[in-house]
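Me: I have a model open here and would like to understand the labels attached to it. Could you go through them with me?

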Amino acid sequence: MTTISKALQAVQARIQRAATQCARSPESIALIAVSKTVSADALRIAYACGQRAFGESYVQEALPKIAALQDLAIEWHFIGPLQSNKTKLVAQNFAWVHSVERAKIAQRLSEQRPEGLPPLNVCLQVNVSGEASKSGAAPAEVVALAQAVATLPKIKLRGLMAIPQATDDVSKQRAQLRLLRDLRDQLNAQGLALDTLSMGMSDDLEVAIAEGATLVRVGSAIFGEREKA
Ligand SMILES: *Cc1c(COP(=O)(O)O)cnc(C)c1O
C-alpha cells in the first residue's frame, strides 16, 4: 500500500473515532483532502483510494492540476484568500468556495458563475481568533454578510468556515470553534438553512468534530508535511 493510502485510512479512522466519541455519525463529516503544493500524480493516488473532494488555496497552482485531472470526477474546493481579480477563475473551476469574507466578492462569484453550472457552494470565513493577521469577517459582521450573500442567484450559501488560532491551549481552540457553531445556529434561527461548518485540520480535527464540524480540511496528515514557504 502507498503512503498516501495508509495516511488516508489513518485520517478516516481518526474521523470515525472522533465522531463515535461524541455520538455523531461519521457520515455526517466530509473529508476535504487539502492538496496545495501536492502534485497531480499524488492526487491521482488519493483519488484511486476513493477520495473525491480536494481543497486548493492558490488559483494559479490549482488550475494546471484541475486541467491535468479533468478525466476524474473530483469536487474542487477553493479554501485560500480570494482577491477580486481571481473570482472569475474560481467561479468557473470550483464547486465550493470556503473563504468568502466580503459581499462584493460573493457578488462577483455569482455574476461570473457560468450558466451551465449549478450554483457555487459558499462558506463565509469568520475570523474567530480576532488575530489581526487572520482572514475572515469579524463575528459581528457575519449576520449582515450572510443575509446579503444568501440573496445571490448563482450562490448557495452553505455555512461558515474558520481557522482557529494555532495554539496548544485546547480550551482556547475549543472556544473559537464553538463561536463558529454558535454563529451558525444564530443564522439558522433567523431563517437561513446552513448545513456546513468547515473547521478542523490535521492537528485539531478531533476537537473540531466534537464542536460540530461537518467538513474537515486535512492536508499534511494525508500528503505529508509541506515545505515552509
Ligand atoms: C493548508 C490548509 C489546511 C490544511 O492544513 P493541514 O494542517 O495541512 O491539515 C486547511 N485549511 C486551510 C484554509 C488551509 O490553508
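Me: Where is the place of glutamine 165?

Reply: Glutamine 165 is in the loop between β6 (155-161) and α7 (170-189). Helices (H or I, at least four residues) and strands (E, at least two) are DSSP runs, numbered from the N terminus. Two notes on the source: this is a predicted model, where local features need pLDDT of at least 70 and side-chain atom pairs count only at pLDDT 80 or more, while totals for chains, interfaces and linings use all residues. Residues are numbered from 1 along each chain as its sequence is written, and side-chain values use heavy atoms, with hydrogens and water left out.

Me: Why does glutamine 165 count as buried?

Reply: Buried means under 20% relative accessible area, exposed over 50%, and partly exposed in between (1.4 Å probe, protein chains only). Glutamine 165 has 18% relative accessibility, so it counts as buried. Leaving aside neighbours within four places in sequence, glutamine 165 is in contact (heavy atoms within 4.5 Å) with residues including Ser129, Glu131 and Lys172.

Me: How do you know that cysteine 22 is in no disulfide?

Reply: A disulfide is a pair of cysteine sulfur atoms within 2.5 Å, and the structure holds zero of them. For cysteine 22, the nearest cysteine sulfur is that of cysteine 123, 19 Å away. Cysteine 22 has a relative accessible area of 27%, so the label is partly exposed. Cysteine 123 is at 0% and therefore counts as buried.

Me: What makes strand β5 (residues 120-125) largely enclosed by the rest of the structure?

Reply: Six of the six residues of β5 are buried, so the strand is largely enclosed. Both faces are covered: Leu120, Val122 and Leu124 lie on one side, Asn121, Cys123 and Gln125 on the other, and all are buried. In a regular strand the side chains alternate between the two faces of the sheet.

Me: How do you know that β5 pairs with β4 and β6?

Reply: Two strands pair if DSSP finds at least two bridges between them. Three bridges join β4 to β5, which run parallel, and six join β5 to β6, also parallel. In β5, the bridge partner of tryptophan 96 is asparagine 121, while leucine 120 stands opposite isoleucine 155 in β6.

Me: Which helix makes a right-handed β-α-β unit with β5 and β6?

Reply: That is helix α6 (residues 142-150). A crossover is right-handed if, with the strands pointing away from the viewer, the path from the first strand over the helix to the second runs clockwise. β4, helix α5 (residues 103-112) and β5 make a right-handed unit too.

Me: Why is the pair of phenylalanine 54 and tryptophan 76 called tilted?

Reply: Rings of Phe, Tyr and Trp (its six-membered ring) pair if their centres lie within 6.5 Å; planes under 30 degrees apart count as stacked, over 60 as edge-to-face and the rest as tilted. Here the centres are 6.2 Å apart and the planes at 45 degrees, so the pair is tilted. Phenylalanine 54 lies in strand β2 and tryptophan 76 in strand β3, so the pair ties together parts that are 22 residues apart in sequence.

Me: What makes the pair of phenylalanine 78 and phenylalanine 94 edge-to-face?

Reply: Their planes are at 80 degrees, with 5.4 Å centre to centre, and the label is edge-to-face. Phenylalanine 78 is buried, and so is phenylalanine 94.
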